[in-house]
Amino acid sequence: MTAGVEPLLERHPDLVDRCLAAYVRGDWGVSSEPEQNDEAVRSGDRIFAAYPIDPARPSAGYGTNTLWIITEADRSVTTLLLPEEY
């Protein structure tokens, strides 16, 4: 996780567990291309998902109230980050 995500855990202690649980189930949150992620799982490409930090508020998949989870194509790293940290 990046430095920007860590401070959010005080206000949203379940954030990482909630989002990672969805991610491993193949629930890509508010990602704009879920079919591309499904194919990436099968073919070994990069996986990108977006989740609301506060599920009671809307998230467009980018900008405020959004957490991204990205797994690199070689599966060596999965990173939790804020869109502005990309």
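Trainee: How far apart are the mean positions of the positive and negative charges in the protein chain?

Mentor: Keep in mind that this is a predicted model. The protein chain carries 7 positive and 15 negative charges, and their mean positions are 3 Å apart.

Trainee: How many salt bridges does that give us?

Mentor: The idea is a distance test: a side-chain nitrogen of Lys or Arg has to come within 4 Å of a carboxyl oxygen of Asp or Glu. By that rule the count is 3.

Trainee: Which residue does E39 pair with?

Mentor: E39 meets R42 in a salt bridge, at 3.1 Å from N to O. Both sit in helix α3, which covers residues 34–43, and because they are 3 residues apart there, about one helical turn separates them. On accessibility, E39 is partly exposed at 37%, while R42 is exposed at 62%.

Trainee: What about D14, what does it bridge to?

Mentor: D14 goes with R18, and their closest N and O atoms are 3.7 Å apart. D14 has 42% relative accessibility, so it counts as partly exposed. R18 is partly exposed too, with a relative accessible area of 25%.

Trainee: And which partner does R25 have?

Mentor: That one is D27, with 3.8 Å between the closest N and O atoms. Here R25 counts as exposed at 59% relative accessibility, and D27 as partly exposed at 35%.

Trainee: Let's step back to the fold. In what order do the elements of the protein chain run?

Mentor: Read it from the N terminus on: α-α-α-β-β-β. That makes 3 helices and 3 strands.

Trainee: How much of the protein chain is buried?

Mentor: The cut-off to remember is under 20% relative accessible area. Buried residues make up 37% of the 86 in the protein chain. As for the surface, the protein chain exposes about 5,200 Å², with carbon and sulfur atoms supplying 53% of that.

Trainee: What share of the contacts joins residues at least 24 apart?

Mentor: Look at contacts between residues at least 6 apart in sequence: 41% of them join residues at least 24 apart.

Trainee: Can we look at a single residue? Where is I53 found, and what does I53 touch?

Mentor: I53 is in the loop between β1 (47–52) and β2 (66–71). Set aside residues up to four places away in sequence, and I53 touches L8, H12, L15, R18, N65, T66, L67 and L82. L15 shows how sequence and space can part ways: I53 and L15 are 38 residues apart along the chain, yet their C-alpha atoms are 6.6 Å apart.

Trainee: Is I53 buried or exposed?

Mentor: I53 is buried, since its relative accessible area is 8%.

Trainee: H12 came up in that list. Where does H12 lie?

Mentor: H12 lies in the loop between α1 (8–11) and α2 (15–24). Leave aside neighbours within four places in sequence, and H12 is in contact with I53 and D54. At 17% relative accessibility, H12 counts as buried.

Trainee: Is R75 buried or partly exposed?

Mentor: Partly exposed: R75 has a relative accessible area of 35%. Compare that with N65, which is buried at 7%.

Note on methods:
Residues numbered from 1 in each chain as written. Predicted model: local features only at pLDDT ≥ 70, side-chain atom pairs only at ≥ 80, totals over all residues. Heavy atoms only, no water. Helix = DSSP H or I, 4+ residues; strand = E, 2+ residues; numbered from the N terminus. Buried < 20%, exposed > 50% of the residue type's maximum accessible area, 1.4 Å probe, protein only. Contact = heavy atoms within 4.5 Å. Areas by Shrake-Rupley, 256 points an atom, 1.4 Å probe, with all protein chains shown as cover. Lys, Arg positive; Asp, Glu negative; His and termini not counted. Charge placed at Lys NZ, Arg CZ, Asp CG, Glu CD.
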